[in-house]
Amino acid sequence: MRILIALLACSFVMMAASANEPHASAPASEAAKAAAAKTITESVLSKRPSSPGAPMGTSSRVSEEQAEVDLSAKIAARLAEMRASQAARAAQAARARKARIARAAALTAAAAPAPVHGTHWSYEGESGPDNWSRINSDWSKCANGARQSPIDLRDAMKVDLEQISFDYKPSSFNVIDNGHTVQVTVGGGNYITVRNHMYELMQFHFHRPSEERINGRGFEMVVHLVHKDAEGRLAVVAILLERGKAQSTIQTIWNNLPLEKNEVVAPSILVDPTDMLPRKREYFTYMGSLTTPPCSEGVLWMVMKDPVQASAAQMALFSRLYPLNARPIQPSSGRVVMESN
């Protein structure tokens, strides 16, 4: 009887355990239960007396008790095996859930809008200065920078500014119409020294009208000469242009304009940037930024006080290419502006 009760208990336990098995396939589950039942039944039968009618003596009772102990041990071992199997399946299911969550997160990230990194910009309309920071996420300074250029040079502090030392020489050059201005890249070896710091001239380009103003007064055009030091810091010399006689260096550039945008013309002649400088070298200076995207700050600006003349025909030629390519005036934000006495 005890054996029968044990068998029944075993069956109930196995049924309960199999009911809790997560997502097991029906054939595999049934086969496992059948195998377990066969094993236990064979064990029980092997412990029964060989003759059903034999008297249950002391030896029989001992054998029966030993059989019950063995059966209990087998049941416990089987239950432990089933619990281990169930734990393994639960762990596998947890790993599968984590994998599904990771895949879902990856899909969500892939579907998210990427940062904007446009390249087209202009001076008017939807791609104009008011929207430069929206066109490209790397151009945020164009909207929220605190030291932007150009500015109206008002209420400057008159001091004895150190003269800019110009060490320019006739150099090879190339000309490109880059879609925003006419830019001239010069050969190496042209330098300025200011505040005991040396910068090399990299290129110069033109804006119409002048981006800078002096006490509210604007000019028809301006030339920006862009310099860089050994650490990559920028210094820009601005030369204001007003109508008058023809300017020889500008005419040399106009004579070598490319026929197509982004086409590079490399003449066999030389150009001397010194010829564009005003006779008097007094200037305004302040810290600002590039006036084109990405509007990077930390640029040393030197705006020559005296303008240089260029002919009406020379200015008209540029205006046919770029009638407007100047950034609007930016807030001075309390910056210090110094002026030569």
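A salt bridge is counted here when a side-chain nitrogen of Lys or Arg lies within 4 Å of a carboxyl oxygen of Asp or Glu. The model is predicted, so local features need pLDDT of at least 70 and side-chain atom pairs count only at pLDDT 80 or more, while totals for chains, interfaces and linings use all residues. Residues are numbered from 1 along each chain as its sequence is written, and side-chain values use heavy atoms, with hydrogens and water left out.

By that rule, Lys305 pairs with Glu339, their closest N and O atoms sitting 2.8 Å apart. This bridge ties together distant parts of the chain: Lys305 belongs to the loop between strand S13 (297–304) and S14, Glu339 to strand S15 (residues 338–340), and 34 residues separate them. Helices (H or I, at least four residues) and strands (E, at least two) are DSSP runs, numbered from the N terminus. As for exposure, buried means under 20% relative accessible area, exposed over 50%, and partly exposed in between (1.4 Å probe, protein chains only). Lys305 is partly exposed at 22%, whereas Glu339 is buried at 10%.

A search of the whole structure turns up ten salt bridges. Another of them joins the side chains of Arg217 and Glu242, at 3.7 Å from N to O. Here too the pair links distant parts of the chain, with Arg217 in the loop between strand S8 (213–214) and S9, and Glu242 in strand S10, 25 residues apart. Arg217 is partly exposed, with 48% relative accessibility, and Glu242 is also partly exposed, at 25%. Asp152 and Arg154 form a bridge as well, with 2.6 Å between the closest N and O atoms. Asp152 is buried, with a relative accessible area of 17%, while Arg154 comes out as partly exposed at 45%. Then there is a network of salt bridges, which links Arg208, Glu220 and Arg243.

On to the nonpolar side. A nonpolar core is a set of buried Ala, Val, Leu, Ile, Met, Phe, Trp, Tyr and Cys residues joined through side-chain atoms within 4.5 Å. The largest such core has 37 residues, and Phe204, Phe206, Leu225, Ile239 and Met302 have the most contacts inside it. Contact means heavy atoms within 4.5 Å. Leaving aside residues up to four places away in sequence, Phe204 touches Val182, Gln183, Val184, Val186, Val223, His224, Leu225, Ile253 and Met276. A second, separate core has 17 residues, including Ala156, Phe219, Val222 and Phe284.

Helix H7 (residues 312–321) has Gln314, Met315 and Phe318 as its buried residues. Looking down the axis of H7, these residues fall within an arc of 95°, so they line one face of the helix; the arc is that of the directions from the helix axis to the C-beta atoms. Ala313 and Arg320, on the other side of H7, are exposed. The buried residues of H7 pack against strands S5 (182–186), S7 (197–207), S9 (221–228), S10 (234–243) and S14 (308–310), plus helix H6 (248–255).

For the chain as a whole, the secondary structure comes to seven helices and 15 strands. Buried residues account for 37% of the 341 residues. Among contacts between residues at least 6 apart in sequence, 66% join residues at least 24 apart.
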